[in-house]
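Please open the structure in your viewer and keep the selection tool at hand.

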Amino acid sequence: MNTSIQSRPKKRVKGVKFLQFDSLMGLIDNRNLVLRIPGFFPTNYCEMISAKMWEEPTFERYSMAEDVPVRRIGMTLFETEQKKRKLNQYFREAIHTSEKLRSMCAPCLNPLDLLRLRLEEIWPGGAQIMTIRGKKMLPGIARMFEADARGGLPPHQDILGRDMPNLPKEMLPTAQLAANIYLEVAPKGGELELWDFAPSCEEFLTLMDGQYDFLDRAKLPPSEALLKPRMGELIIMRSDKVHAVHPSFGGSRLAMSCFIGYFGIDKPLTYWA
């Protein structure tokens with residue numbers, strides 16, 4: 001398939017001043033490809049939090065993908081590799097990671113807490129931390145894409161059912177979103193590339209490039225959007241659709257991130273990392 005990005009239509013890139021029910025529903029029912037909320041978090045607070053985070057050497061690369069130039073604060077579900085020992089570690093560390101991130105943001109509000117409050121306010125069924133077998137998941141992480149690193153993050157999908165294939169069907173969201181609140185952006189690069197394409201499990205296996213769960217760009221259709229994030233901006237997209245992050249140059253790209261699960265209008269949204 002042709003992988004050249006010749007046109008990136010803007011009609012499905014939805015920009016709004018405030019996060020509201022209708023705009024979020026537009027992502028869930030595929031009316032829009034991505035939702036952009038500039039100024040979701042004040043830039044002066046972004047600068048304060050970023051400066052404080054850089055003072056503490058707590059960012060680590062993914063434990064099972066140390067060659068990928070992305071560092072995070074907080075163990076992600078992706079890293080548990082369906083192993084009981086690692087899953088227990090994930091649940092055990094969740095509350096401590098939340099407290100750590102909140103402390104690092106103080107005296108400012110953790111941007112993820114602001115997002116969680118907003119989701120609770122706008123959604124008819126409310127919103128809550130994702131719970132599995134009576135244990136609460138980590139509601140979000142801080143993530144840093146290293147400066148001047150080659151490769152960025154290749155095309156991929158993020159799907160709860162692949163991270164935890166043994167979950168009952170009723171525990172899997174009908175739609176899975178990814179939310180990023182950008183605290184720092186690089187002068188060049190760091191763009192978010194989006195495809196209006198959600199390959200099935202069977203298609204996914206034929207598209208893999210042999211590294212982790214990354215997809216072979218040469219086998220994908222042309223992407224539909226290329227976005228340059230802005231400091232303080234909240235960007236929400238469908239994580240089950242293919243997406244990638246371009247390399248950053250001249251500085252790092254720092255964001256607070258989480259997934260959001262949809263189970264129905266009258267049911268709570270859930271969030272986790």
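**A tour of selected strands**

In strand S8, Met144 is the bridge partner of Arg71. The model shown here is predicted.

Next, select the whole of S8, residues 141-145. Is this strand mostly covered or mostly open? Strand S8 is mostly covered, with 5 of its 5 residues buried. Colour Ile141, Arg143 and Phe145, which point one way from S8. Then colour Ala142 and Met144, which point the other way. The residues of both groups are buried. In a regular strand, side chains alternate between the two faces of the sheet.

How many bridges join S8 to S17? There are 5 bridges, and the two strands run antiparallel.

Clear the selection and turn to an open sheet of 4 strands, in the order S9-S15-S12-S13, with antiparallel pairing. Strand S9 (153-156) and strand S13 (225-227) stand at the edges with a single partner strand each, so one side of each has no neighbour in the sheet. From one strand to the next, the twist averages 10°.

Finally, select strand S12, residues 192-194, and strand S15, residues 243-245, which are antiparallel and joined by 3 bridges. Here Leu192 stands opposite Val245 in S15.

How values were computed: Residues are numbered from 1 along each chain as its sequence is written. This is a predicted model: local features need pLDDT of at least 70, side-chain atom pairs count only at pLDDT 80 or more; totals for chains, interfaces and linings use all residues. Side-chain values use heavy atoms; hydrogens and water are left out. Buried means under 20% relative accessible area, exposed over 50%, partly exposed in between (1.4 Å probe, protein chains only). Two strands pair if DSSP finds at least two bridges between them. Axes are lines fitted to C-alpha atoms, for helices over the stretch in contact, and angles run from 0 to 180 degrees between N-to-C directions.
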